[in-house]
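Thanks for coming. I have one protein to go through today, so please look at the sequence and the structure as they come up.

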Amino acid sequence: MIHRGIAIFAALAAFATVFWAWQAQAADTTETFDPGASDFEFYLNFDGLGKDKYEKEISAEALAGFGIMDRFSAYLAFAGASNEYFGDGAGSASLGLFGTPLDTDHLDLDLFLDASFGASDFAFTPALELNLDVAPDLAVAGFYLRAAEVFAGRDETPEPDAAPLVCEQVENPQGGPPTLICEAGETEEPERELALAPATELTFGAYWTVADGHQLLVEYDMAAANNPAEDEDVWSIGGVALGYNVAIHDSVEMANQLFFDIPQADETFGVGVGVGFIFSLPPAGGTAPEEPEAVAAPVLPPAAESPPAGVDLFAAGWATLAAEPTEAARFYMVQARQKGERLELYGKVDRKTKVCTDVCYVHASIAAADGRTLLALPLPYADRGRRVKGWSGAHFRARLPLVLPKDSIVTLTFHDAPLDAATHWSAPEGGSTSLDLPPDLFSRVQEMLRLDDYSRFERAEVDCLAAHFQKPDDTQIAGWLAQLYVAWNEQIVNEVRWLSRKLESPIGTAPETTAQLRAVLAHRQALNDYVRKSAWGLSRALVEANPNDYIGHRVQADLYRLAGDKEKMDAEIAAVEKLNPDSVGLLFLKGAAKAQFEKDYAAAIAFYDLALARDPQFAKALFFKGLALHALGKEAEARQTMNEVLRLSPKHPGARVYLAPDEYLAALGREGGRLIE
């Protein structure tokens with residue numbers, strides 16, 4: 001989760017060196033904050049080891065960061081310092097704005113504007129930071145330069161002249177010699193003189209990302225007085241700082257620094273040590289729920305009478321809402337609006353804070369006036385935090401492919417555990433004969449699964465659901481649908497993990513905006529919850545309906561692999577081998593188990609090769625072979641294998657991430673922009 005902190009940015013260091021001899025600092029680069037009050041930083045330093053008594057310094061700084069909009073932020077900081085005996089204390093405050101007008105994979109430009117003040121001093125500091133990165137997202141190493149121009153003043157009022165000595169002789173009343181009495185006379189106060197004292201601060205730095213969440217840095221800083229005072233050096237040499245930044249939690253980074261002050265003229269060599277903590281705060285209100293198309297079911301024929309557009313259909317009396325409160329949850333502000341051929345359903349729900357130990361969700365069931373079930377599906381929702389004692393709030397929103405018939409009944413229920421397949425997805429009673437199935441549906445789904453073609457999963461789901469709605473008891477249809485869901489689940493899990501690491505990447509700004517990528521991440525997380533539960537529900541239903549059909553066991557083996565449960569995966573593999581020993585998927589499962597649980601990548605490749613010999617179009621086995629080659633350090637062979645995956649499946653997300661991560665991240669950013677719109 002290492003990211004760029006702001007407390008170390010050059011402007012703060014610059015004004016500190018002009019007015020006070022201390023600063024809270026850490027070797028680091030800079031990055032804008034997520035929207036909202038999303039950053040808090042605290043730094044503590046001890047400087048001057050090796051210097052004389054009273055020349056050592058203790059300093060601290062606290063900073064709150066606010067994301068105003070994408071790539072534009074503000075901050076408010078307070079700092080204080082004293083000598084080693086907590087005497088001669090001083091304090092300061094600063095506020096500023098900064099943004100990133102140039103943000104590319106290898107070159108970033110950040111601009112700053114800072115205003116800082118102490119008890120009797122004020123400084124105004126524009127600054128810039130230029131970052132040159134060897135690899136995107138600061139994944140390997142890079143260099144950076146900071147330049148700040150500090151506009152400050154200096155009091156040059158001369159010291160008043162010494163008071164003249166006025167003497168007078170006083171006669172001695174006893175007749176002796178006179179006495180000479182002298183006293184200080186009056187002196188004129190000199191006229192006050194102020195002068196501008198601008199200074200230029202330069203910092204040169206380099207970083208090396210040694211591992212995920214671990215980064216080493218080195219910095220050298222110097223300053224130039226543009227209008228030096230009498231006997232003041234134009235150049236101040238500064239010092240060298242060594243930094244080690246480490247992510248100690250998903251939302252906490254620790255910045256450590258060792259600073260060496262290079263002596264100049266009559267200065268004494270000194271050493272400073274510092275530690276800081278950077279907390280990434282969640283945005284207020286949580287992440288808004290997305291409106292995934294993944295909950296799509298076939299569009300039913302429109303009702304004879306069209307619902308009124310743009311109004312709440314419950315308030316208009318067009319449909320009835322059934323959402324009775326329970327001891328665990330209560331709904332409110334639920335509305336349904338028809339927008340063309342899409343029904344938009346949204347509202348709020350409060351739940352008991354200790355109800356959900358896993359994943360909670362709202363389930364919607366829509367029935368026609370004659371009792372036929374039109375649609376039944378889960379709705380993803382986003383938490384909004386605690387509302388009142390013992391209760392937490394959430395809101396949900398979904399766009400459903402349905403024109404709502406008059407007098408329909410929409411039933412909402414709250415669940416804290418996955419539903420079974422029959423309840424999770426409900427078909428119209430008696431099946432439907434109004435939906436035409438593509439004649440090549442199953443051959444297309446089979447080809448799509450062999451190619452691991454993520455881009456076609458959603459369309460295939462709609463077709464399979466149409467078939468499932470017509471023939472809800474057909475286990476072959478349910479089997480294809482279950483295989484679709486487990487493949488979809490794996491692709492989303494991998495994408496979510498990769499995108500999460502990108503958003504928490506070391507001190508880097510992603511190629512596309514953070515807001516766009518977070519929108520994609522929220523969409524995938526909501527979609528994955530639905531896909532995972534659907535896969536589990538259908539696979540269990542298949543095994544219960546026909547324990548001798550290997551498909552249910554095949555799907556469950558994959559699900560246990562994704563859950564990291566080796567024992568249960570091995571049991572399901574044994575069931576598949578007993579029921580269908582010639583299954584090509586069985587060879588893949590054995591290879592995946594070898595790689596994941598035993599780290600025996602050579603044995604895994606042998607199983608993948610056997611599967612590919614049986615089915616050369618098996619893109620998933622080929623992709624996993626590429627990952628195993630990478631784990632063995634055979635990078636050239638791994639890249640060649642990934643290119644073969646793209647030849648079979650040009651839109652394969654895993655291979656695209658491996659070969660061209662920047663392009664894939666840019667595509668996700670564009671998708672996030674559409675989601676936000």
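Leaving out residues up to four places away in sequence, S649 touches L451, D452 and D453, where a contact means heavy atoms within 4.5 Å. Before I go on: this is a predicted model, in which local features need pLDDT of at least 70 and side-chain atom pairs count only at pLDDT 80 or more, while totals for chains, interfaces and linings use all residues. Residues are numbered from 1 along each chain as its sequence is written, and side-chain values use heavy atoms, with hydrogens and water left out.

Back to S649. S649 sits in the loop between α12 (635-648) and α13 (653-659). Helices here are DSSP runs of H or I with at least four residues, strands are runs of E with at least two, and both are numbered from the N terminus. Is S649 buried or exposed? S649 counts as buried, because its relative accessibility is 1%. The cut-offs are under 20% relative accessible area for buried, over 50% for exposed, and partly exposed in between, with a 1.4 Å probe and protein chains only.

The other loop residue is D615, between α10 (601-614) and α11 (619-631). D615 has 14% relative accessibility and therefore counts as buried. With residues up to four places away in sequence not counted, D615 touches R450 and V584.

Helix α9 covers residues 584-598, and the axes of α9 and α10 come within 7 Å and cross at roughly 165°. An axis is a line fitted to C-alpha atoms, for helices over the stretch in contact, and angles run from 0 to 180 degrees between N-to-C directions. The two helices, α9 and α10, are therefore roughly antiparallel to each other. Angles under 35 degrees count as roughly parallel, over 145 as roughly antiparallel, 65 to 115 as roughly perpendicular, and the rest as oblique.

By class, the residues of the contact of α9 with α10 are 12 nonpolar, one polar and three charged. Nonpolar covers Ala, Val, Leu, Ile, Met, Phe, Trp, Tyr, Cys and Pro; charged covers Asp, Glu, Lys and Arg; the others, Gly among them, are polar.

Now a second pair. Helix α7 (residues 550-563) and helix α8 (residues 566-579) pack at an angle of about 155°, with their axes 8 Å apart. That angle makes α7 roughly antiparallel to α8. Among the residues in contact are Y550, H553 and R554 of α7, and K568, M569 and E572 of α8. The contact of α7 with α8 has eight nonpolar, two polar and four charged residues.

Next, a strand. L242 lies in β14, residues 235-249. Because its relative accessibility is 40%, L242 counts as partly exposed. L242 touches L217, V218, N256, Q257, L258 and F260, again without residues up to four places away in sequence. L242 and E219 are 23 residues apart in sequence, and 6.6 Å apart in space, C-alpha to C-alpha.

Last, the whole protein. How many helices and strands does the protein have? There are 14 helices and 24 strands. Of its 677 residues, 51% count as buried. Among contacts with a separation of 6 or more, 62% are between residues 24 or more positions apart.
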